[in-house]
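Hi,

Here is the structure I promised to send over.

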Amino acid sequence: MTVPPADAHVARRRLPPLLAGLALIAAGLAVLLVGAFATSRYPFAFDRAIIVGLRQWGGPGWLPKVAGDVTALGGGVVLTIVVVVAAGFLIVQRLWLTALAVALASLTGGWAVDLIKGMVLRARPDLVPHLVDASGYSFPSGHATSSAIVYLTLAALAGQVTRDRASRRYLLVVAVLLVGAIGCSRVYLGVHWPSDVLAGWSFGTLWALGWWTATAGARQAIGGER
């Protein structure tokens, strides 16, 4: 699956079409959200309608438990374990640059999320009871943002050192589905406004794109994994 160290310089540096498309959508969402925050009062009408509608619907009896399990996949402990295990595996494979990029992208991304939360100071929704414990500010969703930063960046960077095209696509698709499920779970559980999650997805996707670009450029500049 991974490229041997001696051949790391031949790793694919072409931007994955799926990541490019997601980044384009993310940029559009970011512009819309900035405009909405500048011209409207929040929470927005669609924020309220979605949260109330989901709670009125409720879903099958097993859904709250599943949503709680899914949302845990975007928590700090799980994401830290994922990053440490992934970086360790990359180091064992002698993919030093990729390991460093994964670690730095995740670490700096977490700092950025905390900084934005502290600047916006948006309160969590109080329209419905929360189905899981949640504290801190609401915008952007830490779970949605951090899961996008970690899973999308990891999948994108792994694609640079993976020869098989089907494997590269598989990694990215799984990451997208996982990040989507985590973000949706936050809204269903009542602990985030939908716009919190949309902002998190947008930020995390653009973060992954930035690190994909920077890592590809660094790999080309140094001639491989050094």
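First, a term for the surface: a patch is built from residues with over 30% relative accessible area and no salt bridge, with like charges joined within 9 Å and nonpolar side chains (Val, Leu, Ile, Met, Phe, Trp, Tyr) within 5 Å. A salt bridge here means a side-chain nitrogen of Lys or Arg within 4 Å of a carboxyl oxygen of Asp or Glu, and accessible areas come from the Shrake-Rupley method with a 1.4 Å probe, where for residues only the protein chains shown count as cover.

Please keep in mind that this is a predicted model: local features need pLDDT of at least 70, side-chain atom pairs count only at pLDDT 80 or more, and totals for chains, interfaces and linings use all residues. Numbering runs from 1 along each chain as its sequence is written, and side-chain values use heavy atoms, leaving out hydrogens and water.

On the surface, Leu-18, Val-173 and Leu-177 make a nonpolar patch with about 260 Å² of accessible area together. Leu-177 sits in helix H7 (helices are DSSP runs of H or I, at least four residues, numbered from the N terminus). With a relative accessible area of 59%, Leu-177 is exposed (buried is under 20%, exposed over 50%, partly exposed in between, with a 1.4 Å probe and protein chains only).

H7 also has buried residues, including Leu-172, Ala-175 and Val-179. The buried residues of H7 pack against H1, H2, H3, H6 and H8.

Now the inside. The largest nonpolar core has 23 residues, and Tyr-151 and Leu-152 have the most contacts inside it. By a core I mean buried Ala, Val, Leu, Ile, Met, Phe, Trp, Tyr and Cys residues joined through side-chain atoms within 4.5 Å. H4, H5, H6, H7 and H8 each give two or more residues to this core, and H6 gives the largest share, 7 residues.

Leaving aside neighbours within four places in sequence, Leu-152 is in contact (heavy atoms within 4.5 Å) with Leu-172, Ala-175, Val-179 and Thr-205, among others. Ser-146, also in H6, is buried at 18% relative accessible area and touches Leu-79 and Val-113, again not counting residues up to four places away.

Finally, Arg-55 lies in H2 (residues 45-57) and counts as partly exposed, at 23% relative accessibility. Beyond four places in sequence, the residues that Arg-55 touches include Val-128, Tyr-188 and Gly-190.

Cheers
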